Amino acid sequence: MSTPTDSVELVGDEAAGNVARAVLFAAATSATAPVDMVHPLAPNVPITLQTLWVYLAGVVLGPLWAGVAFTLYLLAGLIGLPVFAGGNAGLGVLLGPTGGFLVGFPLAAMTIGAVAHGTSGLNPLDSIPIPRLVAALVAGTAVVYAAGAVGYALVQAIGLLAAVSAVVVPFLPVAGLKVAATVAIVRSDGLVAR
């Protein structure tokens, strides 16, 4: 006696693709995190490519999946994988002076996705006007730096203005370069089918 069986699709192709892209962005961020540089004006806060990946994830994945990507990234660091700046990991990093920046990553990625794409779903990358793209990246940068400054102020027990002077102002030129690089990458032939 045979029983007919139907194929059951537990997860659709679109969902599987979104999960794969989120994991890819988390992995790319993790792979570049050990490469950091010391800023001469703020030696306690490293310069990394992590925020570039936050920017790209927000634009490419949209708010939901960009948030998922950086939540996965934070979870990987929390369980001890060396995915934070300098190859560090653990709760101590998140509760340390620069932990606020990391906590801001998912929020910034979601903000970028929401500003770039709105609420109607993902738009083709080449249809996002450059002023809107730049506005999304500036909003995401503000979220990362606000979270970083608040975290730094709390951990170091200093005022918010002192924290902004110490860990935001010196990095604004670097952030500008990352915004420009993100716009160039998003508008390149590699990401946009023409």
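The residues that line the largest pocket divide into 17 nonpolar, nine polar and one charged. The pocket belongs to a predicted model, and about 400 Å³ of space lies in it. The 27 lining residues include Val 45, Pro 46, Thr 48, Gln 50 and Phe 101, which are the closest to the centre of the pocket.

**Pocket lining**

- Strand S2 gives the most to the lining of the largest pocket, with four residues.

**Overall layout**

- Seven helices and two strands make up the secondary structure of the chain.
- Along the sequence, these elements follow the pattern α-β-β-α-α-α-α-α-α.
- The C-alpha trace spans about 75 × 40 × 25 Å along the principal axes of the chain.
- Taking contacts between residues at least 6 apart in sequence, 67% join residues at least 24 apart.

**Nonpolar core**

- In soluble globular proteins, nonpolar side chains tend to be buried together.
- The largest nonpolar core of this model has 51 residues.
- Val 59, Phe 70, Tyr 73, Phe 84, Leu 102 and Leu 137 are the residues with the most contacts inside that core.
- The elements that give two or more residues to this core are H1, S2, H2, H3, H4, H5, helix H6 (160-167) and H7.
- H2 gives the most to this core, with 14 residues.
- Leaving aside neighbours within four places in sequence, Val 59 is in contact with Ile 112, His 117, Leu 125, Ile 128, Leu 133, Leu 137 and Val 186.

**Aromatic pairs**

- Six aromatic pairs are found in a search of the whole structure.
- One of them joins Phe 25 and Trp 53, whose ring centres are 6.0 Å apart and whose planes stand at 75°, so this pair is edge-to-face.
- Phe 25 is in helix H1 and Trp 53 is in helix H2, 28 residues apart, and the pair links distant parts of the chain.
- Phe 25 counts as buried because its relative accessibility is 10%, under the 20% limit.
- Trp 53, at 22% relative accessibility, counts as partly exposed.
- Another pair is formed by Phe 70 and Phe 105, with ring centres 6.0 Å apart and planes at 80°, so this pair is edge-to-face as well.
- Because Phe 70 lies in helix H2 and Phe 105 in helix H4, the pair ties together parts that are 35 residues apart in sequence.
- Phe 70 is buried, with a relative accessible area of 0%, and Phe 105 counts as buried at 3%.
- One aromatic cluster is formed by Phe 70, Tyr 73, Phe 84 and Phe 105.

**Thr 32**

- Thr 32 is found in helix H1, which covers residues 13-32.
- With a relative accessible area of 17%, Thr 32 is buried.
- Apart from its neighbours within four places in sequence, Thr 32 is in contact with Leu 49 and Trp 53.
- Trp 53 is also the partner of Phe 25 in the edge-to-face pair described above.

**Val 93**

- Val 93 is found in helix H3.
- Leaving aside neighbours within four places in sequence, Val 93 is in contact with Phe 84, Asn 88, Gly 99 and Leu 102.
- Among these contacts, Phe 84 and Leu 102 are also listed with the residues that have the most contacts inside the largest nonpolar core.
- Val 93 and Glu 14 are 79 residues apart in sequence, and their C-alpha atoms are 34 Å apart in space.

**Ala 157**

- Ala 157 has its place in the loop between H5 and H6.
- Phi of Ala 157 is near 55°, a positive value in a residue other than glycine.
- Ala 157 is exposed because its relative accessible area is 69%, over the 50% limit.

Notes:
Residues are numbered from 1 along each chain as its sequence is written. This is a predicted model: local features need pLDDT of at least 70, side-chain atom pairs count only at pLDDT 80 or more; totals for chains, interfaces and linings use all residues. Side-chain values use heavy atoms; hydrogens and water are left out. On a 1 Å grid over the protein atoms alone, a cavity is a set of points where a 1.4 Å probe fits but cannot get out, and a pocket is an open set with protein on both sides within 12 Å along at least five of seven lines; lining residues have an atom within 4 Å of a point. Grid points are joined across faces, edges and corners, and a volume is the space filled by probe spheres set on the points. Ala, Val, Leu, Ile, Met, Phe, Trp, Tyr, Cys and Pro count as nonpolar, Asp, Glu, Lys and Arg as charged, and the others, Gly among them, as polar. Buried means under 20% relative accessible area, exposed over 50%, partly exposed in between (1.4 Å probe, protein chains only). Contact means heavy atoms within 4.5 Å. A nonpolar core is a set of buried Ala, Val, Leu, Ile, Met, Phe, Trp, Tyr and Cys residues joined through side-chain atoms within 4.5 Å. Rings of Phe, Tyr and Trp (its six-membered ring) pair if their centres lie within 6.5 Å; planes under 30 degrees apart count as stacked, over 60 as edge-to-face and the rest as tilted.
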